[in-house]
Amino acid sequence: MKSVIKFLKNVLLVIELTIYIAYVHLEKVLFVGIIALDQYSKAQIEMSMFPGETIPIIQDIFHITYVQNPGAAFGIMPYQQNFFIGIGSLMLVFAAIYYSRLKNINVIMKYGGICAAAGALANMIDRVRTGIVIDLLDMRIFNFPVFNIADIAIVIGMISLMYMVLFKS
């Protein structure tokens, strides 16, 4: 019984420490978490599927589909890796320069900027590594192009930043 109580105390200590680290370093956890989740999901798709293969999760609503995207959003400007790497690099330099200012601004703008930067870096990692971006989330119910986790982060970031600029400036 004592060993079970000691084990539970250790588990609670680990949980408490994890919450503290996540709270104190939330910006870093969010940034690294987006990149890690995006890269992990893409690696799983690359290892277990063939390009063009689709797996219905909810038939005709949501599928996992392996798409190799040589362009930007919706496949526009295909095979312009140098351009996209340049734009992504500029965005990351801009984010790094203004990161210290983010601590003193609205929380929506701060976390929106972090999401956008993490998404841009995650897709840039693909472009540098393979010359293409792996897309996998296929929302067929909306007839929407296939996208990835980095794209979600970029969209959340851009919506947050636009909201702040348009309605809170």
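User: What makes up the accessible surface of the protein, and how large a share belongs to carbon and sulfur atoms?

Analyst: The accessible surface of the protein comes to about 11,000 Å², a value from the Shrake-Rupley method with a 1.4 Å probe, and 73% of that surface belongs to carbon and sulfur atoms. The model is a predicted one, in which local features need pLDDT of at least 70 and side-chain atom pairs count only at pLDDT 80 or more, while totals for chains, interfaces and linings use all residues. Residues are numbered from 1 along each chain as its sequence is written, and side-chain values use heavy atoms, with hydrogens and water left out.

User: What share of the 169 residues counts as buried?

Analyst: Buried means under 20% relative accessible area, with a 1.4 Å probe and protein chains only, and 32% of the 169 residues of the protein count as such.

User: Which helices and strands does the protein have, and in what order do they run?

Analyst: Helices are DSSP runs of H or I with at least four residues, and strands are runs of E with at least two; the protein has 5 helices and 3 strands, running α-α-β-β-α-α-β-α from the N terminus on.

User: Why are strands E1 and E3 said to stand at the edges?

Analyst: Two strands pair if DSSP finds at least two bridges between them, and the 3 strands form an open, antiparallel sheet in the order E1-E2-E3. Strand E1 (54-58) and strand E3 (133-139) each have a single partner strand, so one side of each is left without a neighbour in the sheet.

User: How many bridges join E2 and E3?

Analyst: Strand E2 (residues 62-69) and E3 pair in the antiparallel sense over 6 bridges, and Gln-68 stands opposite Ile-134 in E3.

Definitions and conventions. Buried < 20%, exposed > 50% of the residue type's maximum accessible area, 1.4 Å probe, protein only.
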